[in-house]
Amino acid sequence: MFLQFELWKQCSFGCKFCYNNGIPRNRDKVECMKKVLDILNTKEADKYSDFGIIGGEFFNGEIDTAEVKKYFYKIIDCFINKIKTGMAKRCLITTALMFDDNSELVEFCEYIKNFQSQFMICTSWDIIGRFNNNTLKNWQNNMLFLHKNYPDLLKYQKLADEI
């Protein structure tokens, strides 16, 4: 079974079709992540084998304070611990990949490098409403970067084989 959490709504891209457009984005990121951690540490969460997090966005400046970063990586550590103990098979991390500075993405990928076969980067390519020339180029560059440097993060075959 799959359990996914929306950590926050903040995203600087503003895709035309995004359900977060036009709604308040004032969620307290730290408080939300504390609640997620509380849930992840329950017996109920132990019933799930696949986990995911969505934003907003994670890797375009939205991890904007040391405290937000601390709790974001506490969630990642919780996922890693569930993988190590055999309680989780896979963790999906959703990102638009449209940023021109991928340093936060690289930091994340390095953090989970030893577990990249159990993590998956989820993104999408939409013909209408997502890209301008710059964000399309960034998406393509980030995809190529991930394929070259962290290929297991993009392997969808494992998931497709299980469906």
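## Exercises on a predicted model

Glu-57 lies in the loop between β2 (50–54) and α2 (66–84). The structure is a predicted model.

**Exercise 1.** Determine whether Glu-57 is buried or exposed, and list the residues that Glu-57 touches beyond four places in sequence.

*Solution.*
- Step 1. The relative accessible area of Glu-57 is 1%. Buried means under 20%, so Glu-57 is buried.
- Step 2. Leaving out residues up to four places away in sequence, the contacts of Glu-57 are Trp-8, Gln-10, Cys-11, Phe-13, Glu-62, Thr-95, Ala-96, Leu-97 and Phe-99.
- Step 3. One of these contacts is Cys-11. Cys-11 and Glu-57 are separated by 46 residues in sequence, while their C-alpha atoms are 5.0 Å apart.

**Exercise 2.** Describe how α2 and α3 pack, and find a salt bridge that joins Glu-107 to Lys-69.

*Solution.*
- Step 1. Two packed helices are described by the angle between their axes and the distance between the axes.
- Step 2. For α2 and α3 (residues 103–111), the angle is about 35° and the axes are 12 Å apart. The crossing is right-handed.
- Step 3. On the α2 side, the residues that meet α3 are Lys-69, Phe-72, Tyr-73, Ile-76, Asp-77 and Ile-80. Their counterparts in α3 are Glu-104, Glu-107, Phe-108 and Tyr-111.
- Step 4. Glu-107 and Lys-69 form a salt bridge, with 2.6 Å between the closest N and O atoms. This pair links distant parts of the chain, helix α3 and helix α2, 38 residues apart.
- Step 5. Glu-107 has 35% relative accessibility and counts as partly exposed. Lys-69, at 33%, is also partly exposed.

**Exercise 3.** State how many salt bridges a search of the whole structure finds, and examine the pairs Arg-90 with Asp-50 and Glu-6 with Lys-9.

*Solution.*
- Step 1. The search finds nine salt bridges.
- Step 2. In the bridge between Arg-90 and Asp-50, the closest N and O atoms are 3.4 Å apart. Arg-90 is in strand β3 (residues 90–94) and Asp-50 in strand β2, so distant parts of the chain, 40 residues apart, are linked.
- Step 3. Arg-90 is buried at 10% relative accessible area, and Asp-50 is buried at 9%.
- Step 4. The side chains of Glu-6 and Lys-9 form a salt bridge of 3.0 Å, N to O. Both Glu-6 and Lys-9 are buried.

**Exercise 4.** Identify the residues of the nonpolar surface patch of about 410 Å², and locate Ile-127.

*Solution.*
- Step 1. Trp-125, Ile-127 and Ile-128 make the patch.
- Step 2. Ile-127 sits in the loop between β4 (119–122) and α4 (133–149).
- Step 3. The relative accessibility of Ile-127 is 73%. Exposed means over 50%, so Ile-127 counts as exposed.

How values were computed:
Residues are numbered from 1 along each chain as its sequence is written. This is a predicted model: local features need pLDDT of at least 70, side-chain atom pairs count only at pLDDT 80 or more; totals for chains, interfaces and linings use all residues. Side-chain values use heavy atoms; hydrogens and water are left out. Helices (H or I, at least four residues) and strands (E, at least two) are DSSP runs, numbered from the N terminus. Buried means under 20% relative accessible area, exposed over 50%, partly exposed in between (1.4 Å probe, protein chains only). Contact means heavy atoms within 4.5 Å. Patches are made of residues with over 30% relative accessible area and no salt bridge: like charges are joined within 9 Å, nonpolar side chains (Val, Leu, Ile, Met, Phe, Trp, Tyr) within 5 Å. Accessible areas come from the Shrake-Rupley method with a 1.4 Å probe; for residues, only the protein chains shown count as cover. A salt bridge is a side-chain nitrogen of Lys or Arg within 4 Å of a carboxyl oxygen of Asp or Glu. Axes are lines fitted to C-alpha atoms, for helices over the stretch in contact, and angles run from 0 to 180 degrees between N-to-C directions. A crossing is left-handed if the near helix is turned anticlockwise from the far one by less than a right angle, and right-handed if clockwise.
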